[in-house]
Amino acid sequence: PMPRPLCRETSIALSNERVYVGTADSAVIEVFALDGTPGRPIYVRGPARRPTRQQYEKASDQLVAYQEDAAWRARFKQLFLDMPMPATLPPYSALLADRFGALWVVRSVPGDADLQLTAYSIDGRALADVRLPRFLTVFEIGADYILGTYEDGASQPHVAVYTLRRASPSR
């Protein structure tokens, strides 16, 4: 078994009070207290999107990028490109939790021009939709920032930090 580009993968986010588990098979994210007690699930809303060839190729690139052997990378990328694309994109590509207990759902996928995030409160209310001007791999959402990396047109990696202004803590 191996991951496939733009297919549904399990994501887990951990806050100081909750564990969030999403398989991306559906738009439901399971919520658990740290002792394993189930909480109210969070439902990610939004229309289904069809993948583009650009998204599929970028996701394929990311799946093989860690391999140093160029021949191996090319062989496996071609294997991925020969597979049929999924009919629809997963409802989200990653989950993150911030120190306030908010769940941040990454709605964008590799190959998108921008990054779309939706924040949810512990009780499942949508708190905010955030759109950044470029696609990032997000590593952390702090009290007043979003930290991630991106590649420029020459495939050079960069670190980016965006200011995040909150109306009030996420509780």
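Predicted model: local features only at pLDDT ≥ 70, side-chain atom pairs only at ≥ 80, totals over all residues.
Trainee: Why is leucine 14 called exposed?

Mentor: Its relative accessibility is 59%. Exposed means over 50%, so leucine 14 counts as exposed. The residue sits in strand E1 (residues 11-14).

Trainee: What is leucine 14 in contact with, leaving aside neighbours within four places in sequence?

Mentor: Val19, Leu34 and Ala97. Contact means heavy atoms within 4.5 Å. As for aspartate 98, it is 84 residues from leucine 14 in sequence, yet the C-alpha atoms are 8.6 Å apart.

Trainee: What makes a set of residues a nonpolar core?

Mentor: The members are buried residues of listed types, such as Leu and Trp, joined through side-chain atoms within 4.5 Å. The largest core here has 18 residues. Trp104, Leu115, Leu136 and Ile146 touch the most other members.

Trainee: Which strand gives the most to this core?

Mentor: E7, with three residues. A second, separate core has twelve residues, including Ala24, Ile42, Leu95 and Tyr120.

Trainee: How is the lining of the second largest pocket divided by class?

Mentor: Seven nonpolar, six polar and seven charged residues. That pocket holds about 470 Å³ of space. H1 gives the most to its lining, with five residues.

Definitions and conventions: Residues numbered from 1 in each chain as written. Heavy atoms only, no water. Buried < 20%, exposed > 50% of the residue type's maximum accessible area, 1.4 Å probe, protein only. Helix = DSSP H or I, 4+ residues; strand = E, 2+ residues; numbered from the N terminus. 1 Å grid on protein atoms, 1.4 Å probe; cavity = no way out; pocket = protein on both sides within 12 Å on 5 of 7 lines; lining within 4 Å. Points joined across faces, edges and corners; volume = space filled by probe spheres on them. Nonpolar A, V, L, I, M, F, W, Y, C, P; charged D, E, K, R; others polar.
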